[in-house]
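Subject: Structure handover

Hello,

Here is the structure for you to look through. My notes on it follow below.

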Amino acid sequence: MHSALFSNVQRPVQAAPLERLARVLEDMGMPEFLAAFPDGQPSIPDWAAATASLADDVRFVHEFLLLGRSVDTRVLPPELQECFPQLSEAGILDQHGGKAQLTDAVLMRPLGLWLFAAPPSPFETDLYFGADSVQLARQLDIAPGSFVLDLCSGTGLQGLAAAGRGATAHTVEISAAATAVAGVNVALNGFADRMSRWTGDLFAPLPAEAVYDQVIANIPFLPGVANEPDGFAVGRAILRRLPSRLAPDGTACLTALVLTTPEGHVLPGGLREFCDRTGRGLVARLGESWPVEAESSLVRTLADEVAEDEDDFADRVDEIVRGFRRRGVVEARTAVLHIGPVGGAGAISFVDSVTEGRA
């Protein structure tokens, strides 16, 4: 393991109450309840329908934690009420008039890990969670005892996945709100001795001498209309510093958006140059796809990000579609980029994970 002295780590969240809460949730069968729903696309309406038939004492907990409903605190178990100070400090609990309600987050269990995060949405939020989060976590190849850095860590899923597989995980997130919620998730999963958190911009909060066996980043990759057509600005910033942060045999996993034209897949700018310069290989595992049409959720999300009002929305949709067509783009694919000593120095390959999964 490559080690360094970390003096500016975020204060750990008090772990004991949250660890007790995890045991209570397990005893009432919440892991089994959540296991019946897809990891990457949990649906609050589906949860609500299934919750309605539960016994009252269990139903109240589900309504509070999973559905985000306001609940009388007297019907909640004492182990849950003991966690209110940690949830309040993390900014995701509102209490008034003898009632309590989660704000901006619900409790999920992707990949068998407890996770407070925003309900899945195509829109970027400080507490973002989506199908791409699970896609990345599933593809991580974590060696027990390794030293892992999770950048753009949000509420901590990738770091939690690494810690759950026996690694020491360090997370960095620019949003203080997300870092605070990640602290709750670390304690709830019992990983306080294996995870540390920082708030800051990419590598900036970390000591200059810190070197990692693996660097992970779930990068916000929505492409802009004009100035950032491939949505990979954060990725390029990571690549500039990555060689000095990876062990000689270290690897990196980054998310990106790969555009498809009639000539083939188009990687975000800078990736081929990085591989050529550093002698590392790259495997791009392609996931979910979107057409670049007016009704596409990708196009409409992009339009919503830049539209000034409802009247401007349709014009923005047309502008984005025309921009894709001018560049010959026929679809966009999410991708996990595996960078490291894979496939030979400078080698680049594409794998269709969707087709592969059906084989």
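Helices (H or I, at least four residues) and strands (E, at least two) are DSSP runs, numbered from the N terminus. With those labels, Leu 111 is found in the loop between E4 and strand E5 (115-117). Please keep in mind that this is a predicted model.

**Overall**

The protein chain has 14 helices and 14 strands. It runs to 359 residues, and 51% of them count as buried. Its accessible surface comes to about 15600 Å². Carbon and sulfur atoms hold 50% of that surface. Take the contacts in the chain with a separation of 6 or more: 70% of them are between residues 24 or more positions apart.

Most residues other than glycine have a negative phi. Back to Leu 111: it is not a glycine, yet its phi is positive, about 55°. Its relative accessibility is 29%, so Leu 111 counts as partly exposed.

Asp 104 also has a positive phi, about 70°, and is not a glycine. Asp 104 sits in the loop between strand E3 (99-102) and strand E4 (106-108). Is Asp 104 buried or exposed? Exposed, because its relative accessibility is 60% and the cut-off for exposed is over 50%.

**H7 and H8**

Helix H7 covers residues 131-139 and helix H8 covers residues 157-164. They pack at an angle of about 25°, with axes 10 Å apart. H7 is therefore roughly parallel to H8, as angles under 35 degrees count as roughly parallel. Their crossing is right-handed.

Which residues meet there? From H7 come Ser 133, Val 134, Leu 136 and Ala 137. From H8 come Leu 157, Gln 158 and Ala 161. Five residues of this contact are nonpolar, two are polar and none is charged.

H8 is largely enclosed by the rest of the structure, because seven of its eight residues are buried. The buried residues of H8 are Leu 157, Gln 158, Gly 159, Leu 160, Ala 161, Ala 162 and Ala 163. After H8 comes Gly 166, with a positive phi near 95°.

**H10 and H11**

Helix H10 spans residues 233-245, and helix H11 spans residues 271-278. Their axes come within 10 Å and cross at roughly 20°. That angle makes H10 roughly parallel to H11. H10 passes H11 in a right-handed crossing.

On the H10 side, the contact uses Leu 239, Leu 242 and Pro 243. On the H11 side, it uses Leu 271, Phe 274, Arg 277 and Thr 278. By class, five of the contact residues are nonpolar, one is polar and one is charged.

**H12 and H13**

At what angle do H12 and helix H13 (residues 310-326) cross? Roughly 125°, with axes that come within 9 Å. H12 is therefore oblique to H13. H12 passes H13 in a right-handed crossing.

H12 brings Val 299, Arg 300, Leu 302, Ala 303, Asp 304 and Val 306 to the contact. H13 brings Asp 312, Phe 313, Arg 316, Val 317, Ile 320, Val 321 and Phe 324. Nine of these residues are nonpolar, none is polar and four are charged.

Glu 305 is also in helix H12, which covers residues 297-306. Glu 305 is partly exposed, with a relative accessible area of 46%. Between Glu 305 and Arg 316 there are 9.6 Å in space, C-alpha to C-alpha. In sequence they are 11 residues apart.

**Ser 289**

Ser 289 lies in strand E12 (residues 281-291). It counts as partly exposed, at 37% relative accessibility. Which residues is Ser 289 in contact with, leaving aside its neighbours within four places in sequence? Glu 331, Ala 332 and Arg 333. Ser 289 and Arg 333 are 44 residues apart in sequence. In space they are 4.3 Å apart, C-alpha to C-alpha.

Best wishes

Methods
Residues are numbered from 1 along each chain as its sequence is written. This is a predicted model: local features need pLDDT of at least 70, side-chain atom pairs count only at pLDDT 80 or more; totals for chains, interfaces and linings use all residues. Side-chain values use heavy atoms; hydrogens and water are left out. Axes are lines fitted to C-alpha atoms, for helices over the stretch in contact, and angles run from 0 to 180 degrees between N-to-C directions. Angles under 35 degrees count as roughly parallel, over 145 as roughly antiparallel, 65 to 115 as roughly perpendicular and the rest as oblique. A crossing is left-handed if the near helix is turned anticlockwise from the far one by less than a right angle, and right-handed if clockwise. Contact means heavy atoms within 4.5 Å. Ala, Val, Leu, Ile, Met, Phe, Trp, Tyr, Cys and Pro count as nonpolar, Asp, Glu, Lys and Arg as charged, and the others, Gly among them, as polar. Buried means under 20% relative accessible area, exposed over 50%, partly exposed in between (1.4 Å probe, protein chains only). Accessible areas come from the Shrake-Rupley method with a 1.4 Å probe; for residues, only the protein chains shown count as cover.
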